[in-house]
Amino acid sequence: MAESPTILVIGPRWVGDMVMAQCLFSALKERHPDAAIDVLAPAWAAPLVKRMPEIRQQIDFPLQPGALEFTHRRRFGRLLRGRYDMAYVLPGSWKSALIPFFARIPRRFGHLREMRYGLLTDIVPLPEAVKRRTAQAYFGLAQGGSFRAPRLTVDPKNQAALLDRFGLAQREFVALMPGAEFGPAKRWPSESYAGLAREFMGKGLKVALFGSKNDRDVTAEIAALAPGVFDLAGQTRLEDAIDLIAAARLAISNDSGLMHVAAAVGTPIVAVYGSTSPENTPPLAERRELVWLGLSCSPCHRKICPLGHLNCLKTLEVRQVAAAADRLLELPAAA
């Protein structure tokens, strides 16, 4: 094996998972300081990957999520032949291991998952205790090095321009991230977020709502119930969201990609959990509060509540999340 290997990582397709993948990248850089690490990922991930100093470049993944497209994977893999010494396959699917296989990369690391014998040369054990602990599972693929929490770089110039554009000021606003691409069983209700926003504004803090264009319906509901909030959903690029969240005094989020972004830029974070567990995918932040009712029916890890009531989130009261926020803000708790 070359002292300065070239490494290809087949990246995940979710924002939060890509942030947590940095646990692997940093461990690989520790083990191979002169390695060139490239990430094969969807085009949307490029702004995120650029904020990770361990990565040389991001290569656009040419296929639609979930599609087999065997012929296209074989053709794309052949284009990569001779370029890499090692590959790490983060997704657990069989098809995710095809491109490194067709690229004839000498060593191909990954967890067994979908019986990937032959596609992988090095099957790394995945202990039962970390199967749902994404950051630890990714880190384990490195088989060495130190576990480090993800840390994204911030662009001060872009941050200053964005704060000016939206009428916000450093550390004078709270970032709320009420969306969750995974599904409604991860989303604390809009009226609850609105109640929390009103509490913050009553204490003299501005409130900004973050999310993609897919979250606009949710943020519009909150904005209607909490007049005065800054609804930025769909108005910012991913790199803009990174820089703005880094400027927030505090972030409140469901278990979502932006929750992990907030942790990775060092913003104190209150994370709200419903169908998932804070034991598995907590924000890897120094200052955090995890709010979870831990009902007997959770975590179910479902996109939609299988019992139809969503009590794990609907019965989580604003005062409970507000109290967690106050502990991080160092403000008096609400009565």
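Reader: Which residues make the nonpolar surface patch of about 260 Å²?

Author: Please keep in mind throughout that this is a predicted model. A residue joins such a patch only if its relative accessible area is over 30%, and F70, which sits in helix α4 (residues 70–79), is partly exposed at 34%. The patch of about 260 Å² is made by L68, F70 and W94.

Reader: Over what arc around the axis of α7 do its buried residues lie?

Author: In helix α7, which spans residues 156–166, the buried residues are N158, Q159, L162, L163 and F166. They are on the same side of α7, because the arc that they cover around the axis is only 135°.

Reader: What covers that buried side, and which exposed residues does the face turned away from it carry?

Author: The cover over the buried residues of α7 includes β7 (173–177), β9 (230–231) and α10 (238–247). On the face of α7 turned away from the buried side, the exposed residues are P156, K157, D164 and R165.

Reader: Which residue caps the N-terminal end of α7, and which residue follows the helix?

Author: At the N-terminal end, a side-chain oxygen lies 3.1 Å from the backbone nitrogen of K157, and the residue that provides this cap is D155. After the helix comes a residue with a positive phi, near 70°, and that residue is G167.

Reader: Is L28 buried or exposed, and which residues is L28 in contact with beyond its neighbours in sequence?

Author: L28 belongs to helix α2 (residues 22–31), and its relative accessible area is 0%, so L28 is buried. In space, the C-alpha of L28 is 7.1 Å from that of G145, although the two are 117 residues apart in sequence. Once neighbours within four places in sequence are left aside, the contacts of L28 are I7, I37, Y88 and A142.

Reader: Why does Q58 count as buried, and which backbone oxygens lie 2.9 Å and 3.0 Å from a polar atom of its side chain?

Author: Q58, in strand β3 (residues 57–60), counts as buried because its relative accessibility is 17%, and the cut-off for buried is under 20%. Not counting residues up to four places away in sequence, Q58 touches V39, A41, P42, A43, A46 and V49. Two of these have a backbone oxygen by a polar atom of the Q58 side chain: at 2.9 Å the oxygen belongs to A41, and at 3.0 Å to P42.

Reader: Where does a cis peptide bond join two residues, and what is its omega?

Author: Most peptide bonds are trans. P299, in the loop between β12 (288–291) and α12 (311–314), is joined to S298 by a cis peptide bond, with omega at about 5°.

How values were computed: Residues are numbered from 1 along each chain as its sequence is written. This is a predicted model: local features need pLDDT of at least 70, side-chain atom pairs count only at pLDDT 80 or more; totals for chains, interfaces and linings use all residues. Side-chain values use heavy atoms; hydrogens and water are left out. Patches are made of residues with over 30% relative accessible area and no salt bridge: like charges are joined within 9 Å, nonpolar side chains (Val, Leu, Ile, Met, Phe, Trp, Tyr) within 5 Å. Accessible areas come from the Shrake-Rupley method with a 1.4 Å probe; for residues, only the protein chains shown count as cover. A salt bridge is a side-chain nitrogen of Lys or Arg within 4 Å of a carboxyl oxygen of Asp or Glu. Helices (H or I, at least four residues) and strands (E, at least two) are DSSP runs, numbered from the N terminus. Buried means under 20% relative accessible area, exposed over 50%, partly exposed in between (1.4 Å probe, protein chains only). The arc is that of the directions from the helix axis to the C-beta atoms. Contact means heavy atoms within 4.5 Å. A polar contact is a pair of N or O atoms within 3.5 Å; within protein, one must be able to donate a hydrogen and the other to accept it, and residues adjacent in sequence count only if both atoms are side-chain atoms.
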